Amino acid sequence: MGKIVVTGMGALSAAGKELRGFWETLYSGTTVYGPVKAFADDPNCRIKIGARIPYDIRDLLLEAGCPDEFSAGYGKAALYTIYTVLAALRDAGYPQGLAGRRTAVIVGTTMGEIETEETITRLLCSDRVPPDELYRQYPSENLSKAAAKAAKADGFCLVVPAAC
């Protein structure tokens, strides 16, 4: 039996929420990042620049046909991952997912849920001990598991540590 590789792309960034808009923004050279005022005086934020994704992720997921209960329990990083996986599946010609196909999901990331990291940092900076449950919410494999669930993938689920 031959190997089958299905490729598709999905994008969700300050540069666009669909591939066409994303690539047009990149090609035009438009700058989509800059100073973040909320970080200016925050001593816990080392990086003071960023880009805002101007879309409500839960609304985008509903538009993409992802029911609210599916995304319950995930933070923003996983929800962004779910959205881009659904877009990549549409682009690859598999809008209904990969159910019944043995498919691995591999996600390259440097982190897990950002809200969890921010909460842990705030607690540590105020000399408070974060509860153990916060650390269990942070693992980066949460993102690949969310991607696999969205894709209805039945196979290995891996995270490849990557640098930004």
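Buried here means under 20% relative accessible area, exposed means over 50%, and partly exposed lies in between, with a 1.4 Å probe and protein chains only. Strands are DSSP runs of E with at least two residues, helices are runs of H or I with at least four, and both are numbered from the N terminus.

Strand β3 runs parallel to strand β4 (residues 157-161), and five bridges join the two; strands pair if DSSP finds at least two bridges between them. Within this pairing, Val-107 stands opposite Val-159 of β4.

## Basis of the model and overall layout

This is a predicted model, in which local features need pLDDT of at least 70 and side-chain atom pairs count only at pLDDT 80 or more, while totals for chains, interfaces and linings use all residues. Residues are numbered from 1 along each chain as its sequence is written, and side-chain values use heavy atoms, with hydrogens and water left out.

The protein chain has seven helices and four strands, which follow one another along the sequence in the pattern α-β-β-α-α-α-β-α-α-α-β. Its C-alpha atoms fill a box of roughly 55 × 45 × 30 Å along the principal axes, and of its 164 residues 29% are buried. Among contacts (heavy atoms within 4.5 Å) with a separation of 6 or more, 60% link residues 24 or more positions apart.

## Helices α4 and α7

Helix α4 (residues 76-91) packs against helix α7 (residues 141-151) at an angle of about 40°, and their axes are 8 Å apart; the axes are lines fitted to C-alpha atoms over the stretch in contact, and angles run from 0 to 180 degrees between N-to-C directions. The contact involves Ala-77, Ala-78, Thr-81, Ile-82, Val-85, Leu-86 and Leu-89 of α4, together with Leu-143, Ala-146, Ala-147, Ala-150 and Ala-151 of α7. By class, eleven of these residues are nonpolar, one is polar and none is charged, where Ala, Val, Leu, Ile, Met, Phe, Trp, Tyr, Cys and Pro count as nonpolar, Asp, Glu, Lys and Arg as charged, and the others, Gly among them, as polar.

The buried residues of α7 include Leu-143, Ser-144 and Ala-148, and the elements that cover the buried part of this helix include α3 (68-71), α4, β3 and β4.

Thr-25 lies in helix α1, residues 19-28, and is buried, with a relative accessible area of 18%. The side chain of Thr-25 reaches the backbone oxygen of Ala-15 at 2.8 Å, and, not counting residues up to four places away in sequence, Thr-25 touches Ala-15, Thr-30 and Val-32.

Ala-14, in the segment before α1, is partly exposed at 22% relative accessible area. Leaving aside neighbours within four places in sequence, Ala-14 is in contact with Val-32, Ala-51, Arg-52, Ile-53 and Pro-54; the C-alpha atoms of Ala-14 and Arg-52, 38 residues apart along the chain, are separated by 5.9 Å.

## Positive phi in two loops

Asp-127, in the loop between α5 (114-125) and α6 (132-137), has a positive phi of about 60° although it is not a glycine, and Asp-127 is exposed, with a relative accessible area of 75%. Lys-152, in the loop between α7 and β4, has a positive phi near 60° and counts as partly exposed at 45% relative accessibility.

Methods:
Polar contact = N/O pair within 3.5 Å; in protein donor to acceptor, adjacent residues only side chain to side chain.
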